[in-house]
Amino acid sequence: MSNEDMQHPKYHQNRRLQQAKMQRKVRKSQRRLSQLRALWRLFIGVVILKLPQWRLHRNAFDNLSSPALEITNNRIVPSQKILSALRRNQVCTKPIFLVKTDNLKKSIMQLEPVRDVYIRRFWFPARLQIIIIERTPLITISPDINVPPIAFFSADGKLIGRDYMPLSPDFKTVKVITYGSGDDYRNWDKAKVNNFKKLAATVEMDSGETVEYIDYRNPKDVYVKIPTVNIRLGSFNAGTFDKIHRIPSLLPQVKMLNKKVKYIDLRWDTNYIKLDE
């Protein structure tokens with residue numbers, strides 16, 4: 001092709017048409033490739049979602065050794081009770097990221113010591129992690145000094161029965177001895193529970209000793225037991241805490257006596273050390 005032909009307008013027009021045709025072919029090829037890629041991704045996605053590892057096994061709640069279930073952070077509620085609560089619900093066999101956990105949480109929250117619960121979903125293999133947040137035990141209830149506690153009150157004033165006893169020794173609680181007569185502990189509120197905790201804390205601070213128990217069998221004649229001696233307080237009221245502040249001046253006298261002391265009597269304005277007859 002001569003230079004004269006290449007400079008002709010028709011030549012440039014044909015060249016532009018050829019370039020446009022080539023560009024259309026390239027774009028068409030790119031669209032087809034994009035469509036093939038999309039179809040391939042869809043195919044792979046469907047295949048993956050069909051894999052059983054994306055779904056909880058139907059027997060996920062059958063036993064505590066199930067690899068699809070982990071229960072953690074529970075120290076009061078036995079894992080078996082949590083598992084029983086889960087069994088009130090059918091295992092959802094949808095892909096794990098579509099599984100709703102609201103009903104599972106609702107069932108677990110019916111267990112009295114449970115304050116809150118978090119349920120985490122893990123993918124491939126599909127599994128659930130149940131994280132339990134329990135109420136904090138504050139005081140325990142026992143009908144007699146030598147009888148193990150039969151119930152406990154949590155820090156929010158919730159009474160938890162014998163189904164969750166005994167508590168682990170790791171829990172630092174105040175033992176209250178009561179028959180329930182005269183002042184039924186089943187009617188105590190959060191303020192009452194906190195007052196017992198405050199009473200024990202005040203005695204421990206002023207005596208430097210650990211409170212073994214509070215004897216509340218007679219609400220009008222309350223005793224607090226520490227290792228050195230029994231402390232007789234009388235009625236438990238707002239003035240009780242002022243009486244307790246006398247303990248530091250009395251304990252050295254008790255320890256110096258060669259006779260067995262029955263109790264320190266703080267009921268009156270004048271303090272008494274009652275000897276054991």
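A patch here is built from residues with over 30% relative accessible area and no salt bridge, with like charges joined within 9 Å. Lys and Arg count as positive, and the place of a charge is taken as NZ of Lys or CZ of Arg. By that rule, Lys21, Arg24, Lys25, Arg27, Lys28, Arg31 and Arg32 gather in a patch of positive charge on the surface. Before we go on: this is a predicted model, where local features need pLDDT of at least 70 and side-chain atom pairs count only at pLDDT 80 or more, while totals for chains, interfaces and linings use all residues. Residues are numbered from 1 along each chain as its sequence is written, and side-chain values use heavy atoms, with hydrogens and water left out.

Lys21 sits in helix H2 (residues 9–50); helices are DSSP runs of H or I with at least four residues, strands are E runs of at least two, and both are numbered from the N terminus. Lys21 is partly exposed, at 47% relative accessible area (buried means under 20%, exposed over 50%, partly exposed in between, with a 1.4 Å probe and protein chains only).

Now for the charge pairs. A salt bridge is a side-chain nitrogen of Lys or Arg within 4 Å of a carboxyl oxygen of Asp or Glu, and searching the whole structure turns up 11 salt bridges. One of them joins Asp116 to Lys105, with the closest N and O atoms 3.5 Å apart. Asp116 is in strand E2 (residues 114–122) and Lys105 in helix H4 (residues 102–109), so this pair ties together parts that are 11 residues apart in sequence. Lys105 is partly exposed, with a relative accessible area of 34%.

Asp221 and Arg232 also meet in a salt bridge, 2.7 Å from N to O. Asp221 lies in the loop between strand E8 (213–215) and strand E9 (222–225), and Arg232 in strand E10 (residues 230–234), so here too the parts tied together are 11 residues apart in sequence. Both Asp221 and Arg232 are buried. Elsewhere, Asp144, Asp215 and Arg217 are linked in a network of salt bridges.

Over to helix H5 (residues 190–207): its 18 residues should span 26 Å at 1.5 Å a residue, and its end C-alpha atoms are 26 Å apart, which agrees (the expected span is 1.5 Å times one less than the number of residues). The buried residues of H5 include Val193, Phe196, Leu199 and Val203. Gly208 follows H5 and has a positive phi, near 75°.

Last stop, Val261 in strand E11 (residues 261–265). Val261 counts as buried at 15% relative accessibility. Val261 and Asp276 are 15 residues apart in sequence, yet 5.2 Å apart in space, C-alpha to C-alpha.

Methods: Patches are made of residues with over 30% relative accessible area and no salt bridge: like charges are joined within 9 Å, nonpolar side chains (Val, Leu, Ile, Met, Phe, Trp, Tyr) within 5 Å. Accessible areas come from the Shrake-Rupley method with a 1.4 Å probe; for residues, only the protein chains shown count as cover.
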